[in-house]
Amino acid sequence: MQVITAYISIVLIWATTPLAIQWSSESVGFLFGISSRMVLGAILALGIILLLGKPLATHHKALQTYVASGLGLFTAMLTVYWSAQYIPSGWVSIIYGVTPIITGLFAMKLLGEKGLTLFRTLAIIMSISGLYIMLETGLQFGPNTSYGIFGVIASSVFYSFSMVMVKRIDADIDTYSTVTGGLLVSAILFISVWFGSDVDTPVDIPFRAGAAILYLATVGSLLGFFLFYFVLKRVEATRTSLITLIVPVCALMLGHFLNDEAITHEVIIGCAMILSGLLLFEFEGAIRRTNKID
């Protein structure tokens, strides 16, 4: 029952994150929204490990992990928050669906994992075709939509590269240290960017923006990450991967009903192609065995 509850919670958290990102930037700007989220998340994470009496690892590989994780969080979050200004929240989750494919490509090069097969090549082509349909549809809404789409793709690349580098470093540290160290590095970077920019600190923070920032810092940055690792240790990797197939559909529906975001036939087709490509890429081994393809 605990695993099922955690699994459903992850889906809900990840599905609501894109909409919360948009709401957290309302009237305060995306830079304040992401900076305050990361700083608050880092403070809470540090408080948790101190409360639990878990020391933060400080050996060489641990520090490398924090830098790799923190840089990934910084670049990925900065670009996705910037991009969320130009596209519907549901689109963020759909486009981010290609992350496992990008991660797989990095893993082939940096970790020596299995190379491209016919199925995986077809999966990549299918997902790229879905992205193209999304881009064409986005241009109908306005020229800035393309910035949002490319920005989310860039965010996915940064995040994927960071995950692979963390795995390559292979530091023997627990999840608490990984999460806290990464958040601390990203928070320092965001503070530096904030003070180095000409953006004014908002005096009046709307309730919805403030609530969204608090939600993302506590639930999105901390609880979601810990729940994911909790499920990953107890459920087969294939079932965990299904989360990336369920979340985009849920996010699209939430954006439609809670934020009045339009869902056109082209968006549905693009979403279906991206998720089909992801399904083929993630489960090509099972598909090959089912069809007895050597």
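This is a short tour of a predicted model, stop by stop, with what to select at each one.

**Stop 1: the salt bridge**

Select Glu-26 and Arg-208. A salt bridge joins them, with the closest N and O atoms 2.5 Å apart. A search of the whole structure finds 1 salt bridge. Now colour the surroundings. Glu-26 sits in the loop between α1 (2-24) and α2, while Arg-208 belongs to helix α9 (residues 207-234), so the pair ties together parts that are 182 residues apart in sequence. Show the surface next. Glu-26 is partly exposed, at 26% relative accessible area. Arg-208 is also partly exposed, with a relative accessibility of 36%.

**Stop 2: a buried arginine**

Move to Arg-37, in helix α2 (residues 30-52). What is the nearest side chain of opposite charge to Arg-37? It is Glu-26, and it lies 15 Å away. Arg-37 is buried, yet it has no salt bridge.

Look for other partners instead. The side chains of Arg-37 and Tyr-81 make a polar contact of 3.1 Å. The side chain of Arg-37 reaches the backbone oxygen of Leu-216 at 3.4 Å.

**Stop 3: the second largest pocket**

Select Val-98, Ser-127, Ile-128, Leu-131 and Ile-153. These lie nearest the centre of the second largest pocket, which is lined by 13 residues. Which element gives the most? Helix α6 does, with 6 residues. The volume of this pocket is about 210 Å³.

Colour the lining by residue type. It divides into 12 nonpolar residues and 1 polar residue, with no charged ones.

**Stop 4: two aspartates with positive phi**

Select Asp-170 first. Its phi is positive, about 55°, although it is not a glycine. Most residues other than glycine have a negative phi. Asp-170 is in the loop between α7 and α8 (175-196). With a relative accessible area of 56%, Asp-170 is exposed.

Jump to Asp-260. Phi is positive here too, near 55°, and again the residue is not a glycine. Where does Asp-260 lie? It is in the loop between α11 (243-259) and α12 (265-282). Is Asp-260 buried or exposed? It is exposed, at 72% relative accessible area.

**Stop 5: two pairs to check by distance**

Select Leu-245, in helix α11. At 15% relative accessibility, Leu-245 is below the 20% cut-off, so it counts as buried. Leu-245 and Gly-97 are 148 residues apart in sequence, and their C-alpha atoms are 7.3 Å apart in space.

Finish with Glu-266, in helix α12. Its relative accessibility is 36%, which makes Glu-266 partly exposed. Glu-266 and His-256 are 10 residues apart in sequence, with 15 Å between their C-alpha atoms.

Terms used. Residues numbered from 1 in each chain as written. Predicted model: local features only at pLDDT ≥ 70, side-chain atom pairs only at ≥ 80, totals over all residues. Heavy atoms only, no water. 1 Å grid on protein atoms, 1.4 Å probe; cavity = no way out; pocket = protein on both sides within 12 Å on 5 of 7 lines; lining within 4 Å. Points joined across faces, edges and corners; volume = space filled by probe spheres on them. Helix = DSSP H or I, 4+ residues; strand = E, 2+ residues; numbered from the N terminus. Nonpolar A, V, L, I, M, F, W, Y, C, P; charged D, E, K, R; others polar. Buried < 20%, exposed > 50% of the residue type's maximum accessible area, 1.4 Å probe, protein only. Lys, Arg positive; Asp, Glu negative; His and termini not counted. Salt bridge = Lys/Arg side-chain N within 4 Å of Asp/Glu carboxyl O. Polar contact = N/O pair within 3.5 Å; in protein donor to acceptor, adjacent residues only side chain to side chain.
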